[in-house]
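Please keep the sequence and the model in view while reading.

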Amino acid sequence: MENEKFIITDNLQATQFQRFLNWFVDLIFIYILILSLGTTIILIALAVDNFELSNWVKNMSKSEIGVYSLIIAFLYYWLTEMYFSRTIAKLITHTIVVNSDGSKPAKKTFFIRSCCRFIPFEVFSFLGSVPRGWHDVFSKTYVVKKRELLNVRKNQNKLITDVM
């Protein structure tokens, strides 16, 4: 149930440590995905005797690896956040991506959020006193502590029903 009067407060937002942990754990999972997918392609190519594909993957240039890695990272962030409002790291840290009113963002918003992650030096946008990075600001989203958000929304809904 959406309530237009509800807004995300500072105490609901994920801490800088949680945000750092999200970045670090997601980086590990992306690295695992990159290696796993490359290995899977090689194994399938060898199983069907497609040595050209296998050799191409084994001998990719640094720029090809970079593009391949960016595509995997983009898809990881976009798909996991679009379907679950969280990545694997956010699942571990009990955080979730929401709009300013606590609702789930639209698919377009998650797309913008994922694209903004690849702005040069974006990772350093968290170093100030503001707990939101550029990919949060440009997509108008927040990463919040899920349990606290649910408690506040539950209490708010209880107050609304008590008044009526």
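Is Phe 20 buried, partly exposed or exposed? Phe 20 has a relative accessible area of 47%, and it is therefore partly exposed. The model is a predicted one. The points below begin with the aromatic rings, then turn to a helix, the loops and the cysteines.

**Aromatic pairs**

- The count of aromatic pairs in the structure comes to seven.
- One of these pairs is formed by Phe 20 and Phe 24, which are stacked, with 6.3 Å from centre to centre and 15° between the planes.
- Helix H1 holds both Phe 20 and Phe 24, and the two are four residues apart, about one turn of the helix.
- Like Phe 20, with its 47%, Phe 24 counts as partly exposed, in its case at 40% relative accessibility.
- A further pair joins Phe 74 and Phe 111: the ring centres are 5.5 Å apart and the planes stand at 85°, so this pair is edge-to-face.
- Because Phe 74 belongs to helix H3 and Phe 111 to helix H5, the pair ties together parts that are 37 residues apart in sequence.
- Phe 74 is buried, at a relative accessible area of 17%, whereas Phe 111 is partly exposed at 38%.
- Phe 20, Trp 23 and Phe 24 are linked into a cluster by ring pairs.

**Charges over rings**

- Arg 117 is placed over the face of Tyr 77, and the distance to the ring centre is 3.8 Å.
- Over the ring of Tyr 142 sits the charged end of Arg 132, 3.9 Å from the centre of that ring.

**Helix H3**

- Helix H3 covers residues 62-84, which makes 23 residues.
- At 1.5 Å a residue the helix should span 33 Å, and its end C-alpha atoms are 32 Å apart, so the two values agree.
- The buried residues of H3 include Tyr 68, Ile 72, Phe 74, Tyr 77 and Met 82.
- These buried residues of H3 pack against helix H1 (16-47), helix H4 (88-93), strand E1 (95-98) and helix H5 (107-116).
- Just after H3 comes Ser 85, whose phi is positive, at about 60°.

- Leu 43 is placed in helix H1 and counts as exposed, with 55% relative accessibility.
- Asp 49 belongs to the loop between H1 and helix H2 (51-58).
- The phi of Asp 49 is near 55°, a positive value in a residue other than glycine.
- Asp 49 is exposed, at 55% relative accessibility.

**The loop between H6 and E2**

- Lys 140 is found in the loop between H6 and E2, and its phi is positive, about 55°, although the residue is not a glycine.
- Lys 140 is exposed, with a relative accessible area of 62%.
- Thr 141 is likewise placed in the loop between helix H6 (134-139) and strand E2 (142-145).
- Thr 141 counts as buried, at 0% relative accessibility.
- The side chains of Thr 141 and Ser 139 make a polar contact of 2.8 Å.
- Leaving aside residues up to four places away in sequence, Thr 141 touches several residues, among them Val 97, Val 98, Asn 99, Pro 105 and Thr 109.
- Arg 113, Arg 132, His 135 and Asp 136 are also among the residues that Thr 141 touches.

**Cysteines**

- The number of disulfides in the structure is zero.
- Cys 115 is in no disulfide, and the nearest cysteine sulfur, that of Cys 116, is 6.9 Å away.
- Cys 116 is in no disulfide either, the nearest cysteine sulfur being that of Cys 115, 6.9 Å away.
- A disulfide requires cysteine sulfur atoms within 2.5 Å, and the distance for Cys 115 and Cys 116 is 6.9 Å.
- Cys 115 is partly exposed, with a relative accessible area of 35%, whereas Cys 116 is buried at 10%.

Conventions
Residues are numbered from 1 along each chain as its sequence is written. This is a predicted model: local features need pLDDT of at least 70, side-chain atom pairs count only at pLDDT 80 or more; totals for chains, interfaces and linings use all residues. Side-chain values use heavy atoms; hydrogens and water are left out. Buried means under 20% relative accessible area, exposed over 50%, partly exposed in between (1.4 Å probe, protein chains only). The expected span of a helix is 1.5 Å times one less than its number of residues. Contact means heavy atoms within 4.5 Å. A polar contact is a pair of N or O atoms within 3.5 Å; within protein, one must be able to donate a hydrogen and the other to accept it, and residues adjacent in sequence count only if both atoms are side-chain atoms. Rings of Phe, Tyr and Trp (its six-membered ring) pair if their centres lie within 6.5 Å; planes under 30 degrees apart count as stacked, over 60 as edge-to-face and the rest as tilted. A charge sits over a ring if NZ of Lys or CZ of Arg is within 6 Å of the ring centre and within 35 degrees of the ring normal.
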